[in-house]
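Walk through this structure with me, one element at a time.

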Amino acid sequence: MSFSTAFRSTRTRVLTGSAVVVALGAGAFGAVSASADTAPAAKPAAAQAADASGGNVTQTSHLTIAAATKAAQAALDAAGKEKQKVSVAVVDRDGRALVTLRGDGAGPQSYEAAREKAFTAVSWNASTSELVKRLDSAPTLKDIPGTLFLAGGAPATVKGAPVAGIGVAGAPSGDLDEKFAKAGVTALFR
């Protein structure tokens, strides 16, 4: 038997074996899913224990995608009224991007800069212009990955706790970027 014939034969066996394993796995999954649908809805023991945990579990608030979109569009609209070409990013409480809009004509650097400003604002629950001032006493803050200490980021808070960060980049000054970011925050609470 030639090498190519042996190789094809081995490959055929591996592919056939894989298909059988997938089919058996799918059948088992279907059986488990079917039995799960008919089983009474009981709380898992771990969930029951967590309910009685005596304060060991906490809940946080997160921004909805609809609210994030509204905020991003409001910031972009505010910039448009002043003929500024910017990008806007909205991140959730954990710093994950929810919405990023790159305005028409915005520079290529503005997209990532907006996200980093939003991340920085939500991480410290402060506007990035305020955080720039803190660099004098803590210069290593700027070394934290994913952060950008330039004006243009604003946190959105509920009861004092951050729920999102909005970052804007691309205007000729950070003050303008931050003005537009704050317009996005304001839109969240209208």
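A residue counts as exposed when its relative accessible area is over 50%, and as buried when that area is under 20%; partly exposed lies in between. Lys 133 has a relative accessible area of 56%, so Lys 133 is exposed. Keep in mind that this is a predicted model.

Lys 133 has a salt-bridge partner, Glu 130, with N and O 3.8 Å apart. Glu 130 is partly exposed, at 33% relative accessibility. Both residues sit in helix H5, 3 residues apart, and so about one helical turn separates them.

Helix H6 covers residues 174–188. Its 15 residues reach 21 Å from the first C-alpha to the last, close to the 21 Å expected. Buried residues of H6 include Phe 180, Ala 181, Val 185 and Leu 188. Helices H3, H4 and H5 are among the elements that cover the buried residues of H6, as are strands E3 and E4. Glu 178 is also buried, at 5%. Yet Glu 178 forms a salt bridge with Lys 182, with the closest N and O atoms 3.7 Å apart. Lys 182 is partly exposed, at 44%.

Within it, Arg 96 meets Asp 94 at 3.2 Å, N to O. Asp 94 is partly exposed, at 44% relative accessibility.

Now the hairpin. Strands E1 and E2 run antiparallel, joined by 5 bridges. Ser 87 pairs with Arg 102 in E2. Between the strands lie 4 residues, and Gly 95 takes a positive phi near 85°.

Methods. Residues are numbered from 1 along each chain as its sequence is written. This is a predicted model: local features need pLDDT of at least 70, side-chain atom pairs count only at pLDDT 80 or more; totals for chains, interfaces and linings use all residues. Side-chain values use heavy atoms; hydrogens and water are left out. Helices (H or I, at least four residues) and strands (E, at least two) are DSSP runs, numbered from the N terminus. The expected span of a helix is 1.5 Å times one less than its number of residues. Buried means under 20% relative accessible area, exposed over 50%, partly exposed in between (1.4 Å probe, protein chains only). Contact means heavy atoms within 4.5 Å. Two strands pair if DSSP finds at least two bridges between them. A salt bridge is a side-chain nitrogen of Lys or Arg within 4 Å of a carboxyl oxygen of Asp or Glu.
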